[in-house]
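Have the coordinates open while you read.

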Amino acid sequence: MNTVTLDGKEYRIRCDVNAYEEILEKYGSLSEALKQSENEKENLERLKFVLAVMINEQLYCDGAQERVTEKEVGSKILPGEYAKTVAAVYGCVNAAFTIKN
């Protein structure tokens, strides 16, 4: 199970085919969505989008009616937690693309 803690609340995150497709629709590739560039604003926008998609996909799979917006996600990430949050997203993606026997 992949999780991320935002503003003291733990959220489960999921990168399945539905989440992957939604990310591809906006960015064209997963590497484009996850790339870190010199443009910090774009990095923040990409992180908020990808994380909202992953949180919402897990909420959907759990049968919850709740959904989060990119704005809500952004309001829960403090600048000092940025690297830890990015690492959680990468961990989720890595787990999703690891072949399991």
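**Notes on the model**

1. Start with Met 54, which touches Arg 12, Ile 13, Arg 14, Cys 15, Val 89, Cys 92 and Val 93, leaving out residues up to four places away in sequence. A contact here means heavy atoms within 4.5 Å. Before going on, some bookkeeping: this is a predicted model, in which local features need pLDDT of at least 70, side-chain atom pairs count only at pLDDT 80 or more, and totals for chains, interfaces and linings use all residues. Residues are numbered from 1 along each chain as its sequence is written, and side-chain values use heavy atoms, with hydrogens and water left out.

2. Met 54 is also among the residues with the most contacts inside the largest nonpolar core, along with Leu 6, Val 50, Leu 51, Ile 55 and Val 73; that core has 28 residues. Strand 1 (2–6), strand 2, helix 1, helix 2 (30–34), helix 3 (40–61) and helix 5 (82–96) each put in at least two residues, and helix 3 gives the most, with nine. On terms: a nonpolar core is a set of buried Ala, Val, Leu, Ile, Met, Phe, Trp, Tyr and Cys residues joined through side-chain atoms within 4.5 Å. Buried is under 20% relative accessible area, exposed is over 50%, and partly exposed is in between (1.4 Å probe, protein chains only). Helices (H or I, at least four residues) and strands (E, at least two) are DSSP runs, numbered from the N terminus.

3. Helix 3 has 22 residues and reaches 32 Å from its first C-alpha to its last, close to the 32 Å expected at 1.5 Å a residue. The expected span is 1.5 Å times one less than the number of residues. After helix 3 comes Gly 63, with a positive phi near 80 degrees.

4. What about helix 5: how far apart are its end C-alpha atoms? They are 21 Å apart, which agrees with the 21 Å that its 15 residues should span. Thr 85, Val 86, Ala 88, Val 89, Cys 92 and Val 93 are buried in this helix. These residues cover an arc of only 155 degrees around the axis, so they sit on the same side of helix 5; the arc is that of the directions from the helix axis to the C-beta atoms. Ala 83 and Asn 94 are exposed, on the face turned away from the buried side. The cover over the buried residues includes strand 1, strand 2, helix 2 and helix 3.

5. Val 4 belongs to strand 1 and counts as buried because its relative accessibility is 4%.

6. One to check by eye is Asp 7, a residue other than glycine with a positive phi, near 55 degrees. Most residues other than glycine have a negative phi. Asp 7 is in the loop between strand 1 and strand 2 and, at 57% relative accessibility, counts as exposed.

7. Asp 16 is in the loop between strand 2 (9–13) and helix 1 (17–27). Is Asp 16 buried or exposed? Its relative accessibility is 17%, so Asp 16 counts as buried. The side chain of Asp 16 makes a polar contact with the side chain of Arg 14 (3.0 Å). A polar contact is a pair of N or O atoms within 3.5 Å; within protein, one must be able to donate a hydrogen and the other to accept it, and residues adjacent in sequence count only if both atoms are side-chain atoms. A polar atom of the Asp 16 side chain also lies 3.0 Å from the backbone nitrogen of Ala 19. Beyond four places in sequence, Asp 16 is in contact with Glu 57 and Cys 61.

8. Searching the whole structure turns up two aromatic pairs. The rings of Tyr 20 and Phe 97 have centres 5.2 Å apart and planes at 80 degrees, so this pair is edge-to-face. Rings of Phe, Tyr and Trp (its six-membered ring) pair if their centres lie within 6.5 Å; planes under 30 degrees apart count as stacked, over 60 as edge-to-face and the rest as tilted. Tyr 20 is in helix 1 and Phe 97 in the segment after helix 5, so the pair ties together parts 77 residues apart in sequence.
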